[in-house]
Amino acid sequence: MSYDLKSLVRPNIWRLAPYSSARNEYSGREAHVFLDANENPYNRPYNRYPDPLQHEVKERLAKLKAMPVEQIFLGNGSDEAIDLAYRCFCEPGIDNVVAIEPTYGMYRVCADINNVEYRTVLLDEHYAISATQLLAATDAHTKLIWLCSPNNPTGNSFDRNEMLSLIEAFDGIVIVDEAYGEFSAQKTLRHEIANHPNLIVLSTLSKAWGCAAIRLGMAFAQREIIDIFNKVKYPYNVNLLTQQQAIEILDNPYDVEKWVTMLLQERRRLMEAFQLLPICEKVFPTDANFFLARMTDAQAIYDYLVNRGIIVRNRSRISLCQNCLRVTIGTKNENNELLAALRQY
Ligand SMILES: *Cc1c(COP(=O)(O)O)cnc(C)c1O
């Protein structure tokens, strides 16, 4: 492969001089009088702009994820990193991306918003990827390939060697979204970044960490890519309340391990119970905190559950997911309520 970052980045972005915020410019000496940013001196601590590069959060993440601080980007959800990938790499109306189908909807939404052609390659009947097929869908204008492992909505993880052979064979950027990585039995790909300059791995506090409301997502990549994301992002893209709350949860990872263990136990119980339901035709293997189930009549069952105040995701109109419901694992009581309702259907 002949990877060349400069040839992948949009020329205007490559040339871009980053906005220099007041808080970026001074460095070195300890300071205590801040008259540089037109802030109000009252109403502490909310009067001050937050750290634009979120050092305290990143130092904790660096330890937890065993990644250098310079290889971490933080954004307003992983959704920000997804959008930035388009804005940094894809020239609207000219470049394209390749993605698996079915997968997370935001890859396509951001492609459409940025006017970038979105090419899809259908997973096989076991929801597996083929590196050869994905490569065959690329051309000289393909900048990104999107993978999501464990995949949403199918729940399965992809074969590690198949993903690595794609990353090695493709001259552009491969983005692997590991939003559900904490639930997975598979090893993360982020430690392959050292050997693969064209790899970006996404992660988030929204799922296993139980912090969807604070909006904190992350991208791991070699420093050259992280520097480009930081140049393009809004200067204060992660607000102070989010940074404070992230530090709080990252200092208590014990809770997360406990939650993951409980959810995996409940996942097994719920899936076994689904397999016994006459209205359930198939439960697909999963590596995430949700599973896909093929039902006799997904739409009718979905409507029935809504009427009882129970909401699952109807995925029956998505490719390869005919008659499928996607069920997130809840608390024991929530799962029991769902099962009781389905047994009465
Ligand atoms: C839920 C989810 C995310 C999380 O996005 P945030 O913006 O970080 O909340 C990312 N990717 C996938 C595939 C998801 O399912």
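Reply: Start with R215, which is partly exposed at a relative accessible area of 29%; buried means under 20%, exposed over 50%, and partly exposed in between, with a 1.4 Å probe and protein chains only. This is a predicted model, where local features need pLDDT of at least 70, side-chain atom pairs count only at pLDDT 80 or more, and totals for chains, interfaces and linings use all residues. Residues are numbered from 1 along each chain as its sequence is written, and side-chain values use heavy atoms, with hydrogens and water left out.

Me: What is the phi of R215, and where is R215 found?

Reply: Most residues other than glycine have a negative phi, and most peptide bonds are trans. R215 has a positive phi near 60° and sits in the loop between β6 (199–204) and β7 (217–220). Helices (H or I, at least four residues) and strands (E, at least two) are DSSP runs, numbered from the N terminus.

Me: Is Q54 buried or exposed?

Reply: Q54 is buried, with a relative accessible area of 1%. Its phi is also positive, about 50°, although Q54 is not a glycine. Q54 belongs to the loop between α3 (22–25) and α4 (55–65).

Me: Which residues does the cis peptide bond with omega of about -5° join?

Reply: That bond joins S149 and P150. The peptide bond from N152 to P153 is cis as well, with omega near 15°. P150 lies in the loop between β4 (142–148) and α8 (160–169), and P153 lies in the loop between β4 and α8 too.
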